[in-house]
Amino acid sequence: MKPTLLSKVQGCLAGVAIGDAMGMPWETMTFEQIMERTDGIGVTGFVDPIQQTIRGTMPLKAGDTTDDWQLTAAVARSLIRKRQFDIEDIAREQVLEFDRCTFGWGPTTRRSLKEIKRWFESGGKEGRNPATRAQSQGPNLGAGNGVAMKVAPLGLYASSRMPQREFMAAVAELGFLTHSDPRASHAAFVVAQAIAMVMMRSVSYSVSQVRMAEFWPLIHVLNEATLVMEAKYSNIDGIADSMQNRLSLIENQSSELFRDPSWARTTLGTECFCLQSVSFAIATFLRHPADFRTGILEAVSAGGDTDSTASMVGAMIGANVGLEGIPPEWRNFTPGFSEALKLGEELAGLIQERSSQWRPIVVIE
């Protein structure tokens, strides 16, 4: 049975929450450390926090979420309430989350939202207007995962026939709200674009039975669209590496991607630098687009920024397979995941409202 619009939107948002919660206990640990801790098996499900680096998460319990879901939900709530993309309203939602809890937040996001909070509180006399681009704090600062980890609702919204130019501009606005480095926006765009694509047409291949007729259009369109995004919102001078370069690497070495489970981890990286973790998340999604369980566990077991990579993988696979494609014991693991289903229902209503021509997804045969 083909997934419905509602199922796909709920699957995407539930995927963010589940991936965040699944990755939270292992964040910052290496692949080798995770393998040692799990007797070589790898991560198999939800557990209490294992890592000892991020002290703020230590009181959490198995199934609890962190900033990845917190800020994703903020973006979704704004889209639903305003019935459109409104960067000032999204900023307000994120400031509310800033006041509620910031453990696990990256320094770039914290600093930016502190500036924006001052602007709201002073009536625009102090701080920074949300429509003004965040200022650079130095080389490679502002290029973390803070944008890509919360962009999923915008990818869903784009599937309501949002013009591509408007879509790119919205991702850039969301990115520059907190991150000065355009690579953070480029990386977030790739995640959002992948979500928008599988919302319109699901793919059904597996790593053991790859259908190149499904794989090639996905990676090729992602590659070409990212090239346009990077040209429109130019990279930092003197920086050779780019998101498009990494997508080209995935495209050119697709045989290694599917043959070797370690290729994405060792070649692309899994740390909190957006070009590493987002390219890794895309590669993992492309390996397992229709297998939610395997994709999430592979992402977490690879180590690094595990909650962000798993939440991105969860968003993309969830949008592809729908809520029914997520293991029932995972989506019902904690009552907290119900927020994703509620927001998904409301966001699906908005998408349907904006696009009366939306049709059930056709799986490529």
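A salt bridge is a side-chain nitrogen of Lys or Arg within 4 Å of a carboxyl oxygen of Asp or Glu. Side chains of opposite charge can pair when their charged atoms come close. The structure is a predicted model, in which local features need pLDDT of at least 70 and side-chain atom pairs count only at pLDDT 80 or more, while totals for chains, interfaces and linings use all residues. Residues are numbered from 1 along each chain as its sequence is written, and side-chain values use heavy atoms, with hydrogens and water left out.

A search of the whole structure finds 20 salt bridges. One of them joins Glu339 to Arg77, with the closest N and O atoms 3.1 Å apart. Glu339 belongs to helix 17 (residues 338–354) and Arg77 to helix 3 (residues 67–82), so this pair ties together parts that are 262 residues apart in sequence. Helices here (H or I, at least four residues) are DSSP runs, numbered from the N terminus. Glu339 is partly exposed, at a relative accessible area of 32%, and Arg77 is partly exposed at 21%; buried means under 20% relative accessible area, exposed over 50%, and partly exposed in between (1.4 Å probe, protein chains only).

Helix 3 also holds Arg81, whose side chain meets that of Glu93 in a salt bridge (2.7 Å, N to O). Glu93 lies in helix 4 (residues 87–100), twelve residues from Arg81. Glu93 is buried, at 7% relative accessible area, whereas Arg81 is partly exposed at 45%.

A further salt bridge pairs Arg246 with Asp241, the closest N and O atoms being 3.1 Å apart. Arg246 is buried at 13%, and Asp241 is partly exposed at 28%. Elsewhere, salt bridges that share partners join Arg77, Arg81, Asp89, Glu93, Glu97, Arg100 and Glu339 into one network.

Note on methods
Helices (H or I, at least four residues) and strands (E, at least two) are DSSP runs, numbered from the N terminus.
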